[in-house]
Amino acid sequence: MSDQSKQRVTLTVNGEHREAWVFPHESLLDVLRDVLGHYEVRYGCGEGVCGTCTVLVDGEPVSGCLLLAVQADGCSLVTVRGLAPAGDLHPLQACFLRNGAAQCGFCTPGMLLTAWALLQHDPRPSRERIRRELVGNLCRCTGYSKILDAVEEYAAEAAERTGGHG
Amino acid sequence: MAETEVPARQEAYRVVGQSPSHHDFVDKVEGSLLYAADWQLPGLLHGKVVRAEVPCARIAGMEVSAARALPGVVAVLTAADVPWNQVLERPTGGLGELAVAMPVLAADRVRYQGEPIALIAAITAQIAEQAAELIDVEYDDLPGVFDPERALEPGAPLVHDQGNLLVSWIIARGDAAAALAAADVVVEGEYRTQRVEHAYLEPEAGVGWVDTSGVITLRVSTQVIEHAPTIATILGLPQSKLRVISTYMGGGFGGKEDMTVEPYLALLVWRTRRPVRMVWERQESIMASTKRHPFILRYRTGVQRDGSIVAQEVDIVGDAGAYPYLSPRVLFAACATASGPYRVPNVHHRARAVFTNNAPTSAFRGFGAMQVTFGYEQQMDRVAERLGLTPQAVRERNFLDKGDTIPTGERLDTAVAAGQCLRRALAALGEPARPSGPGRRIGRGFAVNMQPYGRTVWFHDRASCWISLEADGSLLLRSGITDLGAGQAASLAQIASEVLGVPLGEIGVHIGDSQLTPPAGGTFATRQLYMSGNAALAAARALRAGLLPVAAELLGAVPDDLVFEDGMVRERDTGAGRGIRLAELAAACQQRSVPTAHLGTWYAGTGTFDPATGQGASFPDYTFGAHAADVEVDTETGQVRVLGYAAAHDVGRAINPLRVEGQIQGGAYQGLGYALGEEIVVDDGQVASTLLASYLLPNAADLPDVRVIVVESGEGKGPFGARGIGEPPIGNPAATIANAVAAATGVRVTQLPITPERLLAALDAAAGDAR
């Protein structure tokens, strides 16, 4: 396959303007990892089942393995490393840390992004709602409880910060 | 969520028993941890394994010239290119198993679907994929055997010329046949467990390259860097030229205990002299990676009217698949633990591992001791039912205690808190719920288990750990330990911090390198807290003992009055200001030629086992636990809903309670997936679906929170009296759910998983019998 078939895509990744020349068949996941160096977006199944390759595309969680890079042209992407400035943790990440919500850590970036997106729509979700929203992000280590604890704790703290009516 | 029972402690710990966040947790929530597939090197090639499409055939021909000619392909290797095309690992010292070598690449015969037959390295993954499709293999199909009991029959097709029976273990004590004949009641049961996939979210992966002095270096997701000599042998290289580095793994659960990508990656690096990355596709992993053994379990349990067990006969057949892997070890663990945490004076256990033309089975969290729980804990409920006793009463009557003898003839020398775990788990469930509608029935079930921690003692197990005090007062800890995500590395830092008073943030931890870190023996068998934890404790104490006289001299104090805390050595009960900083102490040691680096090595106990009599030494110790659940069964659909779930384990001492809870919750959840949905369906050696979408892993909404009760008896053989907790919690759920379903419906499902279809069929059959 010659490089002539490559197309240019323009993306915003974690606030930064990025360009890449990609083949039309290349997934957003592969381009993010191997072209743009975002290894925090991870391959887990290639079927859109496990959620480890979750990225926020214009604010919504999407499986990077199911989207072609060319389809994301012009989009704004956020990976887990975009949740907080380098060297800092987003309060949601801090809650994951405190609650032991990561074991092997492989699902953690996708889990954080899906939870973050949920919290934009519903700042004070019930535990049941969190469960339902996270069904597309599989975790094989934790049994989910500590992940749910972390998201709940973040929501409670955020509500306190905003005056208790969140 | 956990209620922790803390016994009276002889000494107060500062760091042990706390749940600090460690270095690896921070990297993981940041997303900055570089896993095995995340390593990039200039000129990186992409490696691929070409796999057999059929399960049992002679390879009549293989044409690779078109693949070799494809632009972008750098190397295509077949069996003829492998210097030593055999994997024959870890012989067990002549304890009766067949010696069967596994080829690295199949040469003339394939024995399971997915068996590696060729390797490709290309400049892109896509070209490697295209090249694989250009390899033309001509197969002459041979009759295969796919059922282990069929494989044992005379005249069955042979998977290997040496025979289909890989190993047959016996553990026997007393006279089981006579005691069964004399028993008041004999309860019989047959149970079947299924083939399941580890489904770690990180597929098998690694990057290899040629490093300084021609050392082939593999950075891979593996539980065991000690495969390095085996890989060197395959390449015909001295061991000094082969280095394995383990990354922090994205899960392993035993599935990265055997080699996965290592030999293939090493061969491609060796041939191309270029860096190569290999990542198995999920579907490839589902098809061809090792699985948990399906077991057929047959029990005969003899009891007296009062519920006392007098005898038990157990016969176990495990499907080993096409190659040995760790099947002899798994079936030994099953054989040793098949009677569970109960006193059984007369036992006869037999466990056989049998070759078939299915994908090989091997280590998976629980390792044989897990499957048998599905047998012995349903037997206990059946005994209770037959005798008109409660399931709890039957167990309380028979629980093992410290000092009791187990079927191998060994005496238990640490606490057995099985009964306490059971009572606590049941209490935690509270009042059962009412059925949510007509046709719904509620039931409560529970299961108690014992799981060994540490390797079989005849392996003379040992582990080393190196700790040094650096010039600035920080610590460096080096260990060959590999980290599955359970905090294996972090626990060692916590132990060092406890002894030496160095804050965790000032302890550098370097792990998992076959050439740079002291050997720790691999992370499996729930052995690392026990083995490397004791090694780290020994190293830290040796370092402390060396520092103490120097500190005493500098402070003009008595050594016994000194404490190590907050990066200082100071006199006990003095203000924070009086004392010496560890950095100053390091400098003083330098001036006095006192060593500030120590290697600690822990040797596990040893012993021998006689396979002829079935008596002798087996495992160092056990972790006991109990799970209890309330379920609601929809008798119209066969759907089982878990309403509440509690899990209690005696961990001896919780080094890091948050991580202990995480292990128990995660293990229970995995066990519930095993109980209710997970199964790799294989039809005449062909995997029915290789899609993750077809494999029913529990998601966040499928099951309730697992309520954890951490029991701390203070009696374990690990550091500070800890026991291992990695494997134990996966053992109980299947029997817990089966017993709860039986309590709800009166119908017992003896084959896993307990799917709606299977339960409905059982309910219909029972209704038919009733009519």
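The paragraphs below lead through a structure of two chains in contact, A and B, as seen in a predicted model.

We begin with chain A, whose secondary structure comes to five helices and five strands. Read from the N terminus on, these elements follow one another in the order β-β-α-β-β-β-α-α-α-α. The radius of gyration of chain A is 17 Å, which is close to the 15 Å that the globule rule gives for 166 residues, so chain A is as compact as a globular protein of that length. Along its principal axes, the C-alpha trace of this chain spans about 55 × 30 × 25 Å, and 51% of the 166 residues in chain A are buried, where a residue is called buried if 20 or more other C-beta atoms lie within 10 Å of its own.

Strands of a sheet pair through backbone hydrogen bonds, and they may do so either parallel or antiparallel. In chain A, five strands form an open sheet in the order S2-S1-S5-S3-S4, and the pairing in this sheet is mixed. At its edges are strand S2 (16–22) and strand S4 (60–63) of chain A, each of which pairs on one side only. Neighbouring strands of this sheet are turned by 40° against each other on average, direction ignored.

Which strand of chain A pairs with S2(A) over seven bridges? The partner is strand S1 (residues 7–13) of chain A, and the two pair in the antiparallel sense. Within this pair, Leu11(A) has Arg18(A) in S2(A) as its bridge partner. S1(A) and S2(A) form a hairpin with two residues between the strands, and in this hairpin Asn14(A) takes a positive phi near 50°.

Elsewhere in the sheet, strand S3 (residues 54–57) of chain A is joined by two bridges to strand S5 (residues 76–78) of chain A, and these strands run antiparallel. Here Leu56(A) stands opposite Val78(A) in S5(A).

We now turn to chain B, which has 18 helices and 31 strands. Its radius of gyration is 27 Å, close to the 28 Å that the globule rule gives for 771 residues, and therefore chain B is as compact as a globular protein of that length. The C-alpha trace of chain B spans about 90 × 70 × 55 Å along its principal axes, and 58% of the 771 residues of this chain count as buried.

Another way to look at each chain is to ask how far apart in sequence the residues in contact are. Among contacts in chain B between residues at least 6 apart in sequence, 80% join residues at least 24 apart. For chain A, among contacts between residues at least 6 apart in sequence, 56% join residues at least 24 apart.

Finally, we come to the place where the chains meet, a contact that takes 44 residues from chain B and 39 residues from chain A. On the side of chain B that touches chain A, helix H1 (23–30) and helix H16 (657–676) of chain B each supply at least two residues. H16(B) gives the most to this side, with eight residues. Sorted by class, the side of chain B that touches chain A has 25 nonpolar, eleven polar and eight charged residues.

Notes. Residues numbered from 1 in each chain as written. Chains lettered and ligands numbered in written order. Predicted model: local features only at pLDDT ≥ 70, side-chain atom pairs only at ≥ 80, totals over all residues. Contact = placed C-beta atoms within 7 Å. Helix = DSSP H or I, 4+ residues; strand = E, 2+ residues; numbered from the N terminus. Nonpolar A, V, L, I, M, F, W, Y, C, P; charged D, E, K, R; others polar. Rg over C-alpha atoms; globule rule 2.2 N^0.38 Å. Buried ≥ 20, exposed ≤ 12 C-beta atoms within 10 Å, placed from the backbone. Pairing = 2+ DSSP bridges. Axes fitted to C-alpha atoms, helices over the stretch in contact; angles between N-to-C directions.
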